[in-house]
Amino acid sequence: MATKGPVPEIVDPMTDPRTGEYAVIAPGHTFKSVTQKIAGIVLTSNTPVAWMGGLFLAATVALGVVIAVTWLVLKGVGIWGITIPGAWGFAIINFVWWIGIGHAGTLISAILLLFKQTWRNSINRFAEAMTIFAVVCAGMFPLLHIGRPWLGYWLLPYPNSMNVWPQFRSPLAWDVFAVSTYATISVVFWYIGMVPDLGTLRDRAKLPLAKYVYGILSLGWRGSTRHWIRYESASLLLAGLSTPLVLSVHTTISFDFAVAAMAGWHTTIFPPYFVAGAVYSGFAMVLTLAIPIRKFYHLEDLVTLRHLDNMAKVMLATGSIVAYGYGMEVFMSWYSASHWEFFMMWNRMFGPMGWAYWILILTNIAIPLTTLWSRKLRVNVGYLFFLSFVVNIGMWFERFVIVVTSLYRDYLPSSWGTYRATKWDYMLFIGTWGLFTTLFLLFARLAPMIPMSEIRMMLPQTKVRPGGADAEVVTQEAL
Amino acid sequence: MPPREGVYGLLAEFNTPSELVHATEMAHRAGYRRMECYTPYPVEQAAEALRFHKTRVPLLCLLGGLCGLTTGALLEIWVNVWGYPLNIRAMPLFFFFFDFVCWPLGGVWHDCAEWIAAAVSSAVQCAKLCEWSNDG
């Protein structure tokens, strides 16, 4: 460049001039402004019309679940497209997909807490909520798939007159415990994390009912130092307990496949590849939720471009692991020299359902992994929103390809069939989107979406200076 | 009940965490012990100034975890070995325990465990076969 003299520096308030990194939260916030902003969303008496409309729409779609489940209970799983050999169908595809989505919430709340990634503070609460609602949607599918959901308690070990117990050496039994543990820990972690904020809401609420309900839920929180120390150590312990779950839940689910002696399933790469795929789709879903929410509630100061950039980077990393997994699957089907494996891969790519494989490669690998390297695109909100849908479609097709293309061309050509989902399959699946959105909208209206106490901790005013000597300066900053 | 005579307690408000921590430290040095700080977010230094930075939460958590682990393991052992033993591809009855320990570690370890279990179980079966052939 031939320009001479000092180059005029572009001052972007959202970037740190020393590092050029985006700020985690916008400058100029005080304890009061953070609390007002977040608590205001919940405590306002004016429910936004768009929220009402969204809830109405989501609840209408969620009615699909009610109708589909009612008909299923009346008629049996025959109304679904499952057959022999394609016995797993949509139910298992959707189960794995929803559970996978939940994984990002646990990764954000547990692993990033242990690694002291403070940027997670802005997004952890609604990512955890997303986890819980995704597990709600996921848990429904295997329970319905067993055919007689009212006998679902048979999955649990309890003394009964038939003297029958679960078979603890089967991965399907581990699933029951993996998913129920996951649901329990996620709810406990989410709720414990919310207690100080519920205390804030109780103190600020005007309506007697709100005061009463938040008062009960806040468990007598007073914000004393003793409370905080116990709270902090409980959070750390819960993070420690959740951390293995990020890896183990989807590992166990991958065993449902990997333990079966089925071409395309019986492989040791499944656990890491499932976990990476889960985190990949989970971060995509966090973006799907975070982008409209920060726009709608004007939370751009708290959920900044830095968050979106970081999440896109996590997607790039996990997406690359997934791409490696796909590559390895293809390589191993050749290198194993197994006729069955080779046929499975050929059929997966060029068989009657080959289109699904190429959609998967396009949406999971080709589009995201070529574009996410560019920082410009990583902070382009519209593009990320689009990409989050693309990746979630891709991850759904991944499970579709795994479940369907291995099953419908099994070892015995005389038993080959095909798989066609019925309208009830679609109704239940689309209904769960409605259920998920309904639960999320209720959460956004009734609970603090962003942890106030953790955001307060990130403000520069919280720094304790020795001796309280320069307190005057800080007072000026705080006010 | 008549109101209590004299000073019940003292309350002070501070604008910054630095002032709060400083005042707490000073009060502690002056010999005050029954104190508490109230903050809108955790202030570790305040806890140190109060000399309250160790809790029994981790101990309780460990005890709870150990209870759960023991109960779960005993339940599984009882169900699989005594209550309802099933012969699944000749795997040892305590086989689940390998998985129980190994599943977080991923498929490779699972396979190692399976090989060990298979080796043990085939050794046991060989021994049994030998016994039977000796009997015959």
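Predicted model: local features only at pLDDT ≥ 70, side-chain atom pairs only at ≥ 80, totals over all residues.
Local features need pLDDT of at least 70, side-chain atom pairs count only at pLDDT 80 or more, and totals for chains, interfaces and linings use all residues. Residues are numbered from 1 along each chain as its sequence is written, while chains are lettered from A and ligands numbered from 1 in the order in which they are written.

**View 1. Chain A has 16 helices and zero strands.** Helices (H or I, at least four residues) and strands (E, at least two) are DSSP runs, numbered from the N terminus. Chain A has a radius of gyration of 25 Å; the globule rule gives 23 Å for 479 residues, so chain A is as compact as a globular protein of that length. That radius is taken over C-alpha atoms, and the rule is 2.2 Å times the number of residues to the power 0.38. The C-alpha trace of chain A spans about 85 × 75 × 40 Å along its principal axes. Of the 479 residues in chain A, 43% are buried. Buried means 20 or more other C-beta atoms within 10 Å of a residue's own; exposed means 12 or fewer; partly exposed lies in between; C-beta atoms are placed from the backbone. Among contacts in chain A with a separation of 6 or more, 81% join residues 24 or more positions apart. Two residues are in contact if their C-beta atoms, placed from the backbone, lie within 7 Å.

**View 2. Helix α4 (residues 124-145) of chain A packs with helix α14 (residues 423-446) of chain A.** The angle is about 150°, and the axes are 10 Å apart. Axes are lines fitted to C-alpha atoms, for helices over the stretch in contact; angles run from 0 to 180 degrees between N-to-C directions. From α4(A), the contact includes A:Phe133 and A:Cys137; from α14(A), it includes A:Phe436 and A:Phe440. The contact residues divide into 11 nonpolar, one polar and no charged. Ala, Val, Leu, Ile, Met, Phe, Trp, Tyr, Cys and Pro count as nonpolar, Asp, Glu, Lys and Arg as charged, and the others, Gly among them, as polar.

**View 3. Chain A touches chain B with 43 residues from each chain.** On the chain A side, α7 (225-258), α8 (270-296), α15 (452-457) and α16 (471-478) each supply at least two residues. α7(A) gives the most, with 15 residues. This side of chain A divides into 21 nonpolar, 15 polar and seven charged residues.

**View 4. B:Glu13 lies before α1 (17-29) of chain B.** B:Glu13 is exposed, because it has 7 other C-beta atoms within 10 Å. B:Glu13 and B:Leu69 are 56 residues apart in sequence. In space, B:Glu13 and B:Leu69 are 47 Å apart, C-alpha to C-alpha.
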